[in-house]
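Colleague: I would like to learn how to read a protein model, one feature at a time. Can we take it slowly?

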Amino acid sequence: MVKYAQNELFSITDFTKQIGSAVSNIKEHTLEKIGILKNNRLEAVVISTDEYERLKEIEEQVTLVEHSSIYKAVEERKDTPLSEYVSMEDMARKFNINMDKVS
């Protein structure tokens, strides 16, 4: 869970009153982030565009790695001879699953 310093938390009312200075603090890196509270619950976070772009790049890289792993697994399975396949019924028996109850 992300931790917030006291000066990084704003009620939605205070944020709307101080939006100009709050955004300036984010842009100038005086504040890393701003948590916006509504009814004392965190509703949104404001971060700089640089930080947002950095996080999106990380997300894209992770997605690429995941897709590569899935592709590799599929390619390896394509080479598995049919004689090594296990039927769904055999797997159900192995794990004590009643197929009549599976919909």
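Predicted model: local features only at pLDDT ≥ 70, side-chain atom pairs only at ≥ 80, totals over all residues.

Colleague: Which cut-off separates buried from exposed?

Modeller: Buried means under 20% relative accessible area, and exposed means over 50%, with partly exposed in between. Phe-15, at 9%, therefore counts as buried. Asn-39 has a relative accessible area of 70%, so this residue is exposed.

Colleague: Where does Asn-39 lie?

Modeller: Asn-39 sits in the loop that connects β2 (33-38) with β3 (41-47). Its C-alpha is 51 Å in space from that of Lys-94, and the two residues are 55 apart in sequence.

Colleague: How many aromatic pairs are there?

Modeller: The count comes to one aromatic pair. Its members are Phe-10 and Phe-15, with ring centres 6.3 Å apart and planes at 75° to each other.

Colleague: Why is this pair called edge-to-face?

Modeller: Ring planes over 60 degrees apart count as edge-to-face, and the planes of Phe-10 and Phe-15 are 75° apart, so the pair gets that label.

Colleague: Next, the sheet. What holds strands together in general?

Modeller: Strands of a sheet pair through backbone hydrogen bonds, and the pairing is either parallel or antiparallel. Here, three strands make an open sheet in the order β1-β2-β3, and the pairing is mixed. β1 (9-11) and β3 are the edge strands, each of them pairing on one side only. From one strand to the next, the twist averages 30°.

Colleague: How do β1 and β2 run, parallel or antiparallel?

Modeller: β1 and β2 run parallel, and three bridges join them. To find the place on screen, look for Leu-9, which stands opposite Gly-35 in β2.

Colleague: Now the charged side chains. How many salt bridges does the structure hold?

Modeller: The structure holds six salt bridges. A salt bridge needs a side-chain nitrogen of Lys or Arg within 4 Å of a carboxyl oxygen of Asp or Glu. Lys-33 and Glu-8 form one, and their closest N and O atoms are 3.0 Å apart. Lys-33 belongs to strand β2 and Glu-8 to the segment before β1, so the pair ties together parts that are 25 residues apart in sequence. Both Lys-33 and Glu-8 are buried. Together with Glu-32, these two residues are linked in a network of salt bridges.

Colleague: Which salt bridge does Arg-54 form, and where does the pair lie?

Modeller: Arg-54 forms a salt bridge with Glu-51, at 2.8 Å between the closest N and O atoms. Both residues are in helix α3, three residues apart, which is about one turn of the helix. Arg-54 is partly exposed at 43%, and Glu-51 is partly exposed at 21%.

Colleague: What can you say of Arg-93 and Asp-90?

Modeller: Their side chains meet in a salt bridge, 2.3 Å from N to O. Arg-93 and Asp-90 lie three residues apart in helix α4, again about one turn of the helix. Arg-93 is exposed at 59%, whereas Asp-90, at 36%, counts as partly exposed.

Colleague: Which residues form the nonpolar patch on the surface?

Modeller: The patch is formed by Val-86, Met-88, Met-91, Phe-95, Ile-97, Met-99 and Val-102, which together have about 650 Å² of accessible area. Val-86 is in the loop between α3 (49-78) and α4 (88-94).

Notes
Residues numbered from 1 in each chain as written. Heavy atoms only, no water. Helix = DSSP H or I, 4+ residues; strand = E, 2+ residues; numbered from the N terminus. Buried < 20%, exposed > 50% of the residue type's maximum accessible area, 1.4 Å probe, protein only. Patch = residues over 30% accessible without salt bridge, like charges linked within 9 Å, V, L, I, M, F, W, Y side chains within 5 Å. Areas by Shrake-Rupley, 256 points an atom, 1.4 Å probe, with all protein chains shown as cover. Pairing = 2+ DSSP bridges. Axes fitted to C-alpha atoms, helices over the stretch in contact; angles between N-to-C directions. Phe/Tyr/Trp six-rings, centres within 6.5 Å; stacked < 30°, edge-to-face > 60°.
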